[in-house]
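Work through the exercises below with the sequence and the coordinates at hand. Each task is followed by a stepwise solution.

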Amino acid sequence: MPRAGIPVAPALAALLLSACAPVPFDVPRTVSVASPPDRSATIPAAAEPWLDGSSGRSAFVPLAQGEEALGARLRLMEEAGRSIDAQYFLLKPDLSMGLIADGMIRAADRGVRVRLLIDDVFTTVGDRDLARLNAHPNIELRIFNPVARGGPGWLAFLRDYPRTNRRMHNKAFIADNAMAVLGGRNIADEYFAVEQEIEFADFDIAVVGPVVPQVSESFDLYWNSRLSVPVEALTPPPDATGTGNPWDIQVTDPATLARAREVYDDSVDSPILRRLRSRTWQPPEGTAVLTADPPAKLSYPTGSGLNPLYRQLLARIDAARREVILITPYFVPDRDFVSRLAAARARGVRVIVITN
């Protein structure tokens, strides 16, 4: 007699309807915004030529190499006097994250306010480890548009797919509201040339000047969004012995610690950072306008055509008179976008696209 099988569709439906704790989007939280730069602090003092914004020009330092991109973040944390704001799509529990976490804790110990906002789905640092960082009185973590807790993450993702499939890819690192690092790198070894077998050919840029408050304004908009849930609303707080840098507990191998020191020394002593610290190098200058999607975009219906960032990019292409440069790992233009580039080219605008 044939053995009866379990119907796949009903079983899957039962799984998808299984209990998960609802996401506490309405949990009370404190609204906070970027503080004005303290001009007596190290970073604002170094940025003084561009800080008052009277010229309207910002300065830009390209960070093409992974080690100098990591070093820039580490140096900013070491010299921050008032605030560190960081926003990333993913974190991994590796050497880079350990160095970043250590820098945040040391800055927080000096009284620097640290706000860390991360996306949820591809971050592999666990909630309990995030809670350990969050336990520091000067460090606050929020998770953007989190999946429900209380069950397998993949199951929670599928149960609420129309919402959970819409993510935050923003990446910014801001120190004292005076200097920022923007670009494509997340916080993981492969982005900073720490991983010896895999490296992403990503690109960051450090900026000072009037564009930095625009970056902070965008960060604040996401930070205070209803979709940004405090980590303490998602996981219980750790006990007193479970606070601090979660990476410290995982790294006990002397060879790994030696590698961490090597990575740190190479990162903070890169040629480009030496030139900046010597104040002998004048970085390129220019006017800049930050363009970013608002967090409210996630509430727009898919296919609605309500794409603020996309519309602003089209407007800038249409207004270009000399050159358009696009640098992106994901270049999947629709017909409208291609036609705008073709129109720009037809009126004599140089068009450059750098992609995978």
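**Exercise 1. Arginine 340 and its partners**

Task: classify arginine 340 as buried or exposed, or in between, and find its salt-bridge partner.

Solution.
Step 1. Arginine 340 has a relative accessible area of 23% and is therefore partly exposed; buried means under 20%, exposed over 50%, and partly exposed in between (1.4 Å probe, protein chains only).
Step 2. The model is predicted: local features need pLDDT of at least 70, side-chain atom pairs count only at pLDDT 80 or more, and totals for chains, interfaces and linings use all residues. Residues are numbered from 1 along each chain as its sequence is written, and side-chain values use heavy atoms, with hydrogens and water left out.
Step 3. The partner is aspartate 336, with 3.2 Å between the closest N and O atoms. A salt bridge is a side-chain nitrogen of Lys or Arg within 4 Å of a carboxyl oxygen of Asp or Glu.
Step 4. Aspartate 336, at 29% relative accessible area, is partly exposed.
Step 5. Arginine 340 and aspartate 336 are separated by about one helical turn because they are four residues apart in helix α14 (residues 335–346). Helices (H or I, at least four residues) and strands (E, at least two) are DSSP runs, numbered from the N terminus.
Step 6. A salt-bridge network links Arg340 and Asp336 with Arg311 and Asp318.

**Exercise 2. Two further salt bridges**

Task: describe the salt bridge of aspartate 102 and that of aspartate 127.

Solution.
Step 1. Aspartate 102 pairs with arginine 106, the closest N and O atoms lying 2.7 Å apart.
Step 2. Both sit in helix α5 (residues 95–109), four residues apart, so about one helical turn separates aspartate 102 from arginine 106. An α-helix has 3.6 residues a turn, so residues three or four places apart point the same way.
Step 3. Aspartate 102 is partly exposed at 27% relative accessible area, while arginine 106 is exposed at 55%.
Step 4. Aspartate 127 forms a salt bridge with arginine 149 (2.7 Å, N to O). Aspartate 127 lies in helix α6 (residues 127–134) and arginine 149 in the loop between β4 (139–144) and α7 (153–159), so the pair ties together parts 22 residues apart in sequence.
Step 5. Aspartate 127 and arginine 149 are both buried.
Step 6. The count for the model comes to 20 salt bridges.

**Exercise 3. The surroundings of arginine 115**

Task: where is arginine 115 found, and which side chain does it join in a polar contact of 2.8 Å?

Solution.
Step 1. Arginine 115 belongs to strand β3 (residues 113–119).
Step 2. Its relative accessible area is 1%, so arginine 115 is buried.
Step 3. The side chain of arginine 115 makes the 2.8 Å polar contact with that of aspartate 85. A polar contact is a pair of N or O atoms within 3.5 Å; within protein, one must be able to donate a hydrogen and the other to accept it, and residues adjacent in sequence count only if both atoms are side-chain atoms.
Step 4. Leaving aside neighbours within four places in sequence, the residues in contact (heavy atoms within 4.5 Å) with arginine 115 include Ser32, Glu140, Phe219 and Trp223.

**Exercise 4. Helix α4**

Task: how many residues of α4 are buried?

Solution.
Step 1. Helix α4 covers residues 66–79, 14 residues in number.
Step 2. Of these 14 residues, 10 are buried, among them Gly66, Leu70, Arg73 and Met77.

Notes. The expected span of a helix is 1.5 Å times one less than its number of residues.
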